[in-house]
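Subject: A structure to look through

Dear colleague,

I am handing over a structure for you to look through, and my notes on it follow below. Please keep the structure open beside them as you read.

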Amino acid sequence: MKKRYEELLLSVKRDGIDKLIEFIRNSDFYTAPASTRFHGAKEGGLLEHSLNVYECLNNKWSNTTWVNAIGGIGIDDDTITIVALLHDLCKIYYYTTEMRNVK
């Protein structure tokens, strides 16, 4: 999944994408959960969820009926990739693991 995620981001032709990927590599993005109780509540869930959102949005984007319904003419593939893959970037370093003594 990590390889696929980085390949998709590297396809984006925007300045600084290489620096962003380096930041992501050095963060907990690839191991973090997407949530604590809902979708992706597991190690690596944030990465998996982001790729799932990309696949869903990309599939919708190839459907002209859907694109016309939202007035999305003129939005490029880079924008779709950025929106989908980076929509939860704010969750980097958000969740922590705690150990508790259970009696």
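Two residues are said to be in contact, or to touch, when heavy atoms of theirs lie within 4.5 Å. Please bear in mind throughout that this is a predicted model.

S27 itself sits in the loop between α2 (17–25) and α3 (45–61), and a polar atom of its side chain lies 3.1 Å from the backbone nitrogen of F29. Is S27 buried or exposed? Because buried means under 20% relative accessible area, S27, with a relative accessible area of 15%, counts as buried.

In helix α2, the buried residues are I17, I21 and I24, and they lie on the same side of α2, because they cover an arc of only 60 degrees around the axis. The buried residues of α2 pack against α1 and α5.

Helices α1 (residues 2–10) and α5 (residues 77–86) also pack against each other, at an angle of about 145 degrees and with their axes 9 Å apart. Their contact is made by Y5, L8 and L9 on the side of α1, and by T81, L85 and L86 on the side of α5; of these residues, 5 are nonpolar, 1 is polar and none is charged. The crossing of α1 and α5 is left-handed.

Key
Residues are numbered from 1 along each chain as its sequence is written. This is a predicted model: local features need pLDDT of at least 70, side-chain atom pairs count only at pLDDT 80 or more; totals for chains, interfaces and linings use all residues. Side-chain values use heavy atoms; hydrogens and water are left out. Axes are lines fitted to C-alpha atoms, for helices over the stretch in contact, and angles run from 0 to 180 degrees between N-to-C directions. Helices (H or I, at least four residues) and strands (E, at least two) are DSSP runs, numbered from the N terminus. A crossing is left-handed if the near helix is turned anticlockwise from the far one by less than a right angle, and right-handed if clockwise. Ala, Val, Leu, Ile, Met, Phe, Trp, Tyr, Cys and Pro count as nonpolar, Asp, Glu, Lys and Arg as charged, and the others, Gly among them, as polar. Buried means under 20% relative accessible area, exposed over 50%, partly exposed in between (1.4 Å probe, protein chains only). A polar contact is a pair of N or O atoms within 3.5 Å; within protein, one must be able to donate a hydrogen and the other to accept it, and residues adjacent in sequence count only if both atoms are side-chain atoms. The arc is that of the directions from the helix axis to the C-beta atoms.
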